[in-house]
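Me: Hi, I'm new to this one. Could you walk me through what's in it?

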Amino acid sequence: MTQEVFDRLLSRVEKPARYIGGEYNMQVKDEADLRFALCFPDVYEIGMSHLGSRILYHVLNDMDGVSCERCFAPWTDMEQALKEAGEELFTLETRRPLKSFDIVGFSLLYEMCYSNVLTMLELARIPFLSRDRGMDYPLVVAGGPCAVNPEPIAPFFDAIVIGDGEEAEPELVNAYRASRAAGEDKTRLLERLAAIPGVYVPGFYEAEYDEKGFKAIRPLTDKAPETVKRRVLRNLDAAPFVGRQLVPHMQIVHDRVALEVMRGCTRGCRFCQAGYIYRPVRERSEGTLLSQAEELVACTGYDEVSLLSLSTGDYSHLHDLLPQVMDRMEKKRVSVALPSLRIDSLLKEELEKMQSVRKAGLTFAPEAGTQRMRDVINKNVTEEDLLRACADAFASGWTGVKLYFMIGLPTETDEDVLGIAELAKKVSRLFYAMPKEKRGKGLRLTVSVSTFVPKPHTAFQWCAQDEPEEIRRKQRLLVGAMKGVRGGELHYHPSFLSVLEAAFSRGDRRLGDVLVKAHEKGCRFDSWSEHFKPDAWNEAFQECGLTVEEYAHRQRAIDEPLPWDHVDVVVTAAYLKREYERALAAQTTRDCRQGCNGCFGRAYADYRCFA
Amino acid sequence: MRIIAALHETGRAAYLSHLDMQRTLQRSLRRADMPLLYSQGFNPHPLMAFAGALATGAESQREWFDVRLDGDIAPADFEARLNAVLPEGMAVSHAMAAPEDLSTLTGHLTAARYTLWVRPEKAVSAVEVGSALDKLLQSEEIMVQKRTKSGAMVPQNIRPQLYEARLRDSDGVSFTLDVLGELTAGGGLRTEAFVNVLLDLLGSAGSFRCRREEMYFDGVPGLPSLGKGKHE
């Protein structure tokens, strides 16, 4: 792309900084025998905040002869500018067209970005379907948490990496090189990929349906395994990290150094897919984290470090790590953020220390309003925990508190829904009952309520999602109940987006056609309300002879075949069933740190948590 | 101590907004391990300020800024350490110790010189451009529409802000202008408005690129100045 064309494109967009590249620590390799375009199907600000993509950018560029470049979904102004100029989608590093890369890889973080994958392929002039692409097109692959149910997007990808990518992606790259060196055709290449643990080649499998829907999926060749085992990085402490983290010019969503203290979570919340699909829990040592913090701060100039994980309060060495990391960072005027602290692990002293550097809002996620409901979802947090944590926070001068909840959970009654407002009321009363001189001025209590989406590989994978009318009724119930809560503000969302999310998260291969139809009807950036087109989605389902209701709102039988049965995420189906039954009986399951609950099964007898 | 220096922003860096540029320079100063001084309050930030804001999309040879440091550093070292960690398209030069009594650079800012590369959609000759420029410079007022903060369009006379405009080059397809205009804390010549008026006179639509060549100050020793009484 010439400079003149580039300038003309940029003159037409609202935020040119999304497309310019050139950030500090960007890697450009002029000489490379393999070019990998790392694509993120959302805008720059979001994609650049994704830790997994940063890790892969480093891992791939660290390979000899491999150049990894970035590409994000262009916002609609750039999409239009590209189309009108007759230009193709390009990477930030060298502005090469995507089509000229050997491998194009997408990170799939949430289902509602699937339509953007198609927009990006279209702008790159790469055919959507794997079977329509010969060796004259790039190999198109994907990875990320959505890969644990790869079926709705299966037709588009040649291969999908399920699980941790640190080891699997380099193996995939090397298999591609070996195949190319041997002058092999695409089938032979895909056979090599299918032999890599954790790599799923959708074209080697066929799904069967009957009048009831999905029936079975099985391999068409003995080169592809019956079940694809999720790839697990066994030693996180020794694993490559982000290297020299890119420093964006424009503000991104998570604009700070992110230190991954551990992968996985021991809590076992039954709705939480991440809690199941990142097992076993693996921790980094304090020594590694301390030196990574210093290196990253020095090479980026960031003034904030975030200790990232699904539940940082549970990290085994937190009490040793936190004072040390805070002490070292304070000297460099770097603040330390703990984004996912559990209420019951919150420590007053640490709160006060954090406040000395920077005062941000506090966020708690009780998830449900009554103890019964929290027992069902195994969110082992009590009302007492929450109120004590809030009291500590208020006493330390915090005035902004955000509470996250879900509605539409399995077995939920109106009492559970109203319990959310009850809990908010208690938090509010707690604040205003404190002597004026001991607390801040006005309370800002944000109660954010989302709609439960049942996810594959969780204890609730069989559950029906509440229908939109029922969700709206529950939302209205809450609006009324929240009226008397002083300082309280209720946030909730229209529910059709969660319906679609539910359909795609537990969808089967037939949804690929729906995606193509929705793309043709202009669907893109679905999680951006200004672009979301619910009618177009409904039409797309209809034209494919399917209904979104069947996918989202139907209760699955416990022994029914599921479209993701051929993906083994390490946690056994028997364990999920047991957890589901316990949930229905409102019985909690202990935190894995208090004793192993035996979720892995015999095939993974050597897997240990924490090591 | 307090250091004054000029930041060059070319190529990719032209597309950064003023806020992006501030953020990027702050992080670069931190990477260079400069002994920065910070503001008080809940969100302490380094005591650093640009003399003016540069429009997104424009390049600059001289974006003057000042930064307060806890301790002394030789200006040459300041330049070398910062240049080692600036991203592509940015470089720093002309570092010097700020005068003791300087309050802000912005307060002394008076004018700026620009190079404008204009590309009209229809071909225009050098003669046509020259006479259009003369016409603008001879008129008492040049009225343009300006968008206010509330979004409303109001008429504005930009003639008082236009000091000099000269045709440097023309190849029949595009032409290059040297322009000197007002630039102060309160605003100044908007090059985009000026080019649009010129293109209107030439009867063509078109596009342009802009590079700030220099900024002028009043009463800051060591910084470029237009001299007393000029353009007032």
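Reply: One term to begin with: two residues are in contact if their C-beta atoms, placed from the backbone, lie within 7 Å. This is a predicted model: local features need pLDDT of at least 70 and side-chain atom pairs count only at pLDDT 80 or more, while totals for chains, interfaces and linings use all residues. Residues are numbered from 1 along each chain as its sequence is written, and chains are lettered from A and ligands numbered from 1 in the order in which they are written.

Me: OK, what covers the buried residues of α3(A)?

Reply: The cover includes β1 (34-40), α2 (44-47), β2 (66-72), β3 (103-107) and α6 of chain A. Those names stand for DSSP runs, with helices (H or I) of at least four residues and strands (E) of at least two, numbered from the N terminus.

Me: And how many residues of α3 are buried?
Reply: 9 of the 11 residues in α3(A), which spans residues 51-61, are buried. Buried is 20 or more other C-beta atoms within 10 Å of a residue's own, exposed is 12 or fewer, and partly exposed is in between. Among the buried ones are Arg54(A), Ile55(A), Tyr57(A) and His58(A).

Me: You mentioned α6. At what angle do α6 and α7 of chain A cross?
Reply: Roughly 150 degrees, and the axes of α6(A) (165-181) and α7(A) (186-194) come within 9 Å. Axes are lines fitted to C-alpha atoms, for helices over the stretch in contact, with angles from 0 to 180 degrees between N-to-C directions.

Me: Which residues of α6(A) and α7(A) make the contact?
Reply: On α6(A) they are Leu172(A), Ala175(A), Tyr176(A), Ala178(A) and Ser179(A), and on α7(A) they are Arg188(A), Leu189(A), Arg192(A) and Leu193(A).

Me: Switching to sheets: in what order do the 4 strands of the open sheet run?
Reply: The order is β15-β16-β17-β18 in chain A, with parallel pairing. Strands count as paired if DSSP finds at least two bridges between them. β15(A) (362-367) and β18(A) (488-492) each have a single partner strand, so one side of each has no neighbour in the sheet. Neighbouring strands are turned by 20 degrees against each other on average, direction ignored.

Me: Which strands does helix α14 touch?
Reply: α14(A) (414-433) packs on the sheet and touches β15, β16, β17 (444-451) and β18 of chain A. Its direction makes about 165 degrees with that of β17(A). Helix α15(A) (468-482) also packs on the sheet, touching β16, β17 and β18 of chain A, and makes about 170 degrees with β18(A).

Me: How many residues does each chain give to the contact between A and B?
Reply: Chain A gives 21 residues and chain B gives 20. In chain A, α1 (3-10) and α9 (286-300) are the elements that give two or more residues to that side.

Me: Where is the cis peptide bond?
Reply: Arg279(A) and Pro280(A) are joined by one, with omega about -5 degrees. Pro280(A) lies in the loop between α8 (273-277) and β12 (282-283) of chain A.
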